[in-house]
Amino acid sequence: MTPTAVTFDGVAHAFAARGGEGVLALSGITLDVARGEFLAVVGPSGCGKSTLLRMVAGLLRPSRGTVSIYGRPVDEPRDEIGFVFQKPTLLPWHDVLGNVLFPLRHKYGRATAADRDRARALIAMAGLQGFENRLPEELSGGMQQRVAIARALLPEPEILLMDEPFSALDALTREEMGFELLRLWQQRPHTVIFVTHNIGEAVLLADRVVVMSPRPGRVRTIVDVELPRPRRLESLSDPRFHEHTQRIRALVLDRAAAPA
């Protein structure tokens, strides 16, 4: 039996608002994420998808319930977590290699020769070999996001959180980055929780797709993606791909059927 990496146990969260009335973002989230699983989370805007990631990362504590990693409650940021945000947030004065190494230099004050070798290997895995000395302004949006992914992978996190990492990219680059992420994940498996508004992207990448209800976000259903791996361009033509995307789209758009 595959061990559980992340557990949400009765998790709810309310944000403070003006006038003293809180805004309930999440309610009653109970969910297990298996070790090595690629889990996608989709749902309407404002349903708490990013809030879930922030709680796993230790950046936010739930108002109720518990978020645990390997059975230990999360009460602060943990070393086994990597986070890729919507925008690459690269340091403009550092080149590609410097940006990938930055988290280790920031934490330990230095980067070893072994760290530099691993950084170069990740840069090559991300398809950026030869661009190590380029500044972010010299890279396309897709290339910058590859740098951000390599940076998140350098500390070898066991769990990778991705918050709509391809949302700012054009459709073709977004599709290319999806396949690039799959290739990197297959070479270095991690537990991945991937938030996206793009239903096709979720089905292409994930083992399971969690469909959230409108705010307050609840787990409406979980869809097991029955597409063989490795996923390739041909996967987009698989009838099961279309069945899954249509089912999930209907659930996301069917606001009237959301749980009370």
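Against which elements do the buried residues of α7 pack? They pack against β3 (38-42), α6 (199-205), β9 (208-212) and β10 (219-224). Contact here means heavy atoms within 4.5 Å. Helices (H or I, at least four residues) and strands (E, at least two) are DSSP runs, numbered from the N terminus.

The model is predicted: local features need pLDDT of at least 70, side-chain atom pairs count only at pLDDT 80 or more, and totals for chains, interfaces and linings use all residues. Residues are numbered from 1 along each chain as its sequence is written, and side-chain values use heavy atoms, with hydrogens and water left out.

Helix α7 spans residues 239-253 and has 15 residues. From first C-alpha to last, α7 reaches 21 Å, close to the 21 Å expected at 1.5 Å a residue. The expected span is 1.5 Å times one less than the number of residues. The buried residues of α7 are F241, H244, T245, I248 and V252. They cover an arc of only 95 degrees around the axis, which puts them on the same side of α7. The arc is that of the directions from the helix axis to the C-beta atoms. On the other side of α7, the exposed residues are P239, E243, Q246 and L253. Buried means under 20% relative accessible area, exposed over 50%, and partly exposed in between (1.4 Å probe, protein chains only). At the start of α7, the backbone nitrogen of R240 has a side-chain oxygen of D238 within 2.8 Å.

Helix α3 (residues 113-125) was examined in the same way. Its 13 residues should span 18 Å at 1.5 Å a residue, and its end C-alpha atoms are 18 Å apart, which agrees. D115, A119, L122, I123 and M125 are the buried residues of α3. They cover an arc of only 160 degrees around the axis, which puts them on the same side of α3. The face turned away from this buried side carries the exposed residues A113 and D117. The packing partners of the buried residues of α3 are α2 (96-108), α4 (141-153) and α5. Just after α3, G127 takes a positive phi of about 75 degrees.

Aromatic rings were considered next. The structure holds 4 aromatic pairs. Rings of Phe, Tyr and Trp (its six-membered ring) pair if their centres lie within 6.5 Å; planes under 30 degrees apart count as stacked, over 60 as edge-to-face and the rest as tilted. The rings of F38 and W185 have their centres 5.5 Å apart and their planes at 85 degrees, so this pair is edge-to-face. The pair links distant parts of the chain: F38 lies in strand β3 and W185 in helix α5 (residues 171-187), 147 residues apart. Both F38 and W185 are buried. F38 also forms a tilted pair with F194, at 5.9 Å centre to centre and 45 degrees between the planes. F194 belongs to strand β8 (residues 191-195), 156 residues apart from F38 in strand β3. Both F38 and F194 are buried. Ring pairs link F38, F166, W185 and F194 into a cluster.

An open sheet of 4 strands has the order β2-β1-β4-β5, with antiparallel pairing. Its edge strands, β2 (23-34) and β5 (72-73), each pair on one side only. Two strands pair if DSSP finds at least two bridges between them. Strand β4 (residues 64-69) and β5 pair in the antiparallel sense over 2 bridges. I69 stands opposite R72 in β5.

Conventions
Polar contact = N/O pair within 3.5 Å; in protein donor to acceptor, adjacent residues only side chain to side chain.
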